[in-house]
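This report describes selected side-chain contacts in one protein structure. The sequence and the model are shown first, and the description follows.

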Amino acid sequence: MGLGSFWSFSLLAFALFYPFHSKLVAQAEISSPRANGRFDRPEVRPLEAGVRRESTEVKFSLKADNCTKLLNAFETEGVGALEPNNGKQVGNDTLSGLRDEAPVAAETAPNYRGRLRIPGKKYGNISEDNRRRPTANVWARKKAKRSVGPTYSENVDRSISGEAGERSVETVQGVSNSRAEYRRTGEEARGSNPRQSEPHLDTSTFALSGDSAHNQAMVHWSGHNSSVILILTKLYDFNLGAVTESSLWRSTDYGSTYTKLNDKVGSRTVLSYLYVCPTNKQKIMMLSDPEVESAVLISSDEGASFEKHLINFNILSLLFHPAQENWILAYSHDSKLYSSMDFGRKWQLVHDNVMPGRFYWAAVGLDKESDVVHIETLIAKGRAQYVKCRAQRCTEGNRQYLFPGHVDTNSLVVQDEYVFTQVTKSGRASYFVSYMRESFKRMKLPKYCLPKDMHIISTDEKQVFAAVQEWNQNKTYTLYISDSPGVYFTLSLENLRTSRGPAGNLLVDFYKVEGINGMYLANKLVNNHIKTFITYNKGQTWALVPAPAMDVAGNNLHCILPFCSLHLHLEMLENPYTSGPITSKKSVPGIIVATGNIGTELSSTNLGMFITSDAGNSWRQIFEEEHNIWFLDNGGALLAVLHAPTPIRHLWISLDEGKKWDRHSFSLAPLYVDGVLMEPESENHIITFFGHFSHRSEWQLIKIDYKGLFSRRCMDGDYQTWHLHNKGELCVMGEKQIFMKRRPGNRCMLAQDYSRIYSSEPCFCTAYDFECDYGWERQVDGNCSPAFWFDPSGAAKSCGTSQSFLNSTGYRKVLSNNCKEEGRNVYSPRRQVCRPRPPRGLRLSTSQGELSATVGSNVTFMVYLDDGDSLRTSIQLDFGDGIKITYSNLSRTDDGIRHIYRTTGIHRVTALAENSQGSDSSTLFLHITSPVERVYLSAPIVAIRGKEANLTVLVLPSHTRTLTFFWWFDNSSEPIITLEGSISYMFQREGKNKVTVQISSGSTIMQDSKVITVKEFFRSLLLSFSPALDEHNPDIPEWREDVGRVMRTALSQVSGVPEDQLLVSLYPGLPTTAELFILPDEHTSSEDKRRSEEAVEMISDIFVTALNQGLIQFELKADIRIVVYMTQQTLATLVDSNSIHSGSAMLMLLTVVFVGLAAFFIYKFKRKIPWIHVQTEDSHEKEPEVISTVGQSNNMSKVKLSEFPSPKELMAKDLEARSRGGIGRNMERIVTREFPNCTNV
């Protein structure tokens, strides 16, 4: 739909005397609070707060799903938190009063698509609380932080009129003596004599007589070849908190004259709000003030006539259907949702306890029925449900619960093809997405992103942009980009600048450039400096913005990258009557106008206006002061109005992309400008200025017709072409594009339908036409390689019904990139033949993740398989109560398996996945009528067969009631029940033994499991790492497991020892330490125990040598390499766990102390002990070689694993050393003590 089809703005002012002076203050409920004089940035709400379409601040749209609620633009109380549009518009509505991407009003109609909201709403649905927030000045912003100027109150006091009192102001109409007075080139400005043939503006002024006491106004301009303008003025009593008077004005000649319509709506009727249907803009709905009466006034002829209908509830917000003009949803003050199918004449209750802003109409083409409503309903504090039903048939039997379980409150967002929601458990939030209305899937970020907070920025082009605050970030966020289904996310840009708005909403400095595919701007924190970066390939590469070569006066700036660059303010104002600090337009691709500064970082002072005509490759300064700039004539002209606190009577217009500016007078007397209303893409060339000649005058509406600037319509010869490029590279987003634009300076009118793209030719693909796939990271050479935690060979794949599948090469093509691959496809996924695979990674859980349920409740079990042929694998589920069920394949269990338990107790539920290649099983123990509590099992990673091992349970959060502990060992049918959080157990079977512990407290249950390797003997080495590892240690079990796996692989590569003989366990806390366990070969018979012990000892000696030489290394990230050192060696066997209740580190410390004391005693008294002296003399020539366990120096040379001798060479050298009484024997003499269990934490 065209953006130029609809204009709707709300204008609000109030009369308020300050104790220091009698001036009036103009405010807008859509702008920032007084304390913040800076531009407002787009509101990026959390996932539970909603999503936007194109970008964080790309577009503000009056419309969305359905209708625009035109609000008070100058209401002192009641900021409706206007939020950015996603770049799309439903219906043929454009903005009135701002460019097509600017916001229209604070309180728009509810749930407008593309809006980001505080609680996750789209567009409308602004609560009454939101309307009562403090607001700031509409036009004159605070100047103190940016340039020399009066205080904030001085800037705004004279911005409006509306003071009570009788005064008359003559209405001046037909003023047309404004003409080009100056032509400005650079700093020059020369006068020109007015002539009839010269470009000129036609102006007329109309005063709203009799309403000077009214302090609020709402304006609606239908646009799209309609000449009707509606203005609702109101007197809002802030003491009563209600509207006491109102007047409705209507113009049928584009604002030249207005007629008062109070008699048609009822002289005693007090109107509060105005709505316009997006699918039929002739239909108007107005709400009466509920303090007087609850009624709706309906018009089907653009306000020419009205009919009133009383209602029995108070409407807080409305949501119109995106396709059906008569279908409306209404949200009431008591959290009830109503629906009307006849444009408000009759209403029916849909659902109660509905969360504000969490209701959405069906999306055309996605939902089967067009009258479907998506709702989030409140169940309990912090818990809600996602309900889907039909608007007029939403009884309990007709409701669908699409998400398996409860969701967090204020988390449901239905946006385009996506449905988002959030679930928080044990303090960690999990985010879920449904694509194309399919089943929900967990959104997957890089493994150790560990998000503290997530906000959806955009869902444009079937792709999700998300701002994520990672575990080690405080004030900045990281930008991630998803695949089409919105499941797998990859990194785009780190340390995005963010801040919080007046309502606590997140504001992200991220801007999508209109008209250029894949082009974005972002402000990033670099070494405590905010810098502006630009990308041409949808976030794959970012670069600083080049500064202009000269300033506006023609002086050379000498600003050289990367030390100096141009920095831009990317915030979007919530004020619909100003242009905002940055603007671009789809109809004029390549042109960007922005407020910014030149230097080393972004600043709030010394700001100027800058423009680019070649999509950001080069910039020019056009003004030294801040201006509000709009596009006119379908983008072919620029309008600039000085941002000043004083009254003005001139504006500037440029027809050559800001190189030259013509100054025009639009008013005979200086005007305090409150706002500008326009329809940039219409054929009428009309602009309307709102303001006051003085703070005691009437509302002044100045209509400006700028058609006189042009002499004719543009012909073919009036256009020229230009090539889109990125620093000379013509291939942008996989294609070479040539655009067409009007030759600068030609005074001809652009046609609305002329083609902007002259030609387009695809390019051959390069690495930067692809983004790294999930689990892969971009290296310094531009290639993608697996992250240290990601195993490409272990990635889950499903062949489905075919005999082959697409295997990722680490790259995925950037969405909307049009490049073509030549020859052998290097980057695209490669098709591989499906091979039979046994099931692996079978996981069994309940839909809620809980391990308890009440008797008679319906428990839903979820079965997941990480790897295997899901369609050829049968699933058997044993519910543990004598009932079993079998499915022929895993796909039949997608919606979960439901079962009702009739008896209380502990039920062992087992899932078995089986196919021709093998089987896998998973077990959980379900408690009925018992609550769940968080539990963590601390157990040794290795234990000695026949010796007791200590097992300890940590309960979080701490519990004051008595706890019952259930211990399950391997395949035991009955648990060991204790009341203490520790137990000693003797393992009798060698191999891997699984231990599961459950904690019960009342009706709460939680469990944890560990696998313990049981052996007759083993060796262990205590390890430490280079300090760089501590800086990237989030201190969570998953991270320790992954690092241990990487270390085990590196150790195996060095020694040739199979990985199943090595175990690595990392300890919690900092500095990072670990223990290496060397196990005997499983295939060695019991008769060869002596030989096995010698082999383990030899392997240990090899690792000691390698560790002391710093040869064990692994790569944590592209530029971070970790060296592993040996701290201490321990003996093979483990001591009896009964006598030792501390960890390995504690016993090692005690042992060292004991040996030190013994050595000191022997040294001190050795001459008095004869056998000691003789022993020393006899072994003088065979004094043991001391092996250093001190970490290597940080500045040691790094040796690659490939440079280390082969395992055979190491073995030969070791045997040779042994024959000479070398390291092996000596180490055996040195280490002669047992060492305690290593605890896996």
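C277 is buried, its relative accessible area being 1%. C449 also counts as buried, at 2% relative accessibility. Here, buried means under 20% relative accessible area, exposed means over 50%, and partly exposed lies in between (1.4 Å probe, protein chains only).

## Basis of the description

The model is predicted: local features need pLDDT of at least 70 and side-chain atom pairs count only at pLDDT 80 or more, while totals for chains, interfaces and linings use all residues. Residues are numbered from 1 along each chain as its sequence is written, and side-chain values use heavy atoms, with hydrogens and water left out.

## Disulfides

The count comes to six disulfides, a disulfide being a pair of cysteine sulfur atoms within 2.5 Å. One of them joins C389 to C394, with an S to S distance of 1.9 Å. The torsion about this S-S bond is about -85 degrees, so the link of C389 and C394 is left-handed. Both C389 and C394 are buried.

Another disulfide links C714 and C748 (S to S 2.0 Å). It is right-handed, with 90 degrees about the S-S bond. C714 lies in the loop between β48 (712-713) and β49 (719-723), and C748 in strand β52 (residues 748-749), so the pair ties together parts that are 34 residues apart in sequence. Strands (E, at least two residues) and helices (H or I, at least four) are DSSP runs, numbered from the N terminus. C714 and C748 are both buried.

## Salt bridges

The structure holds 26 salt bridges; in each, a side-chain nitrogen of Lys or Arg lies within 4 Å of a carboxyl oxygen of Asp or Glu. Among them is the pair of R345 and E307, whose closest N and O atoms are 3.1 Å apart. Because R345 lies in the loop between β17 (337-340) and β18 (348-351) and E307 in strand β14 (residues 307-310), this pair ties together parts that are 38 residues apart in sequence. R345 is partly exposed at 33% relative accessibility, and E307 is partly exposed at 32%.

R1045 forms a salt bridge with D1042, with 3.5 Å between the closest N and O atoms. The two residues are three apart in helix α4 (residues 1037-1055), a separation of about one helical turn. R1045 is partly exposed at 29%, whereas D1042 is buried at 7%. Elsewhere, salt bridges that share partners join D367, K388 and R437 into one network.
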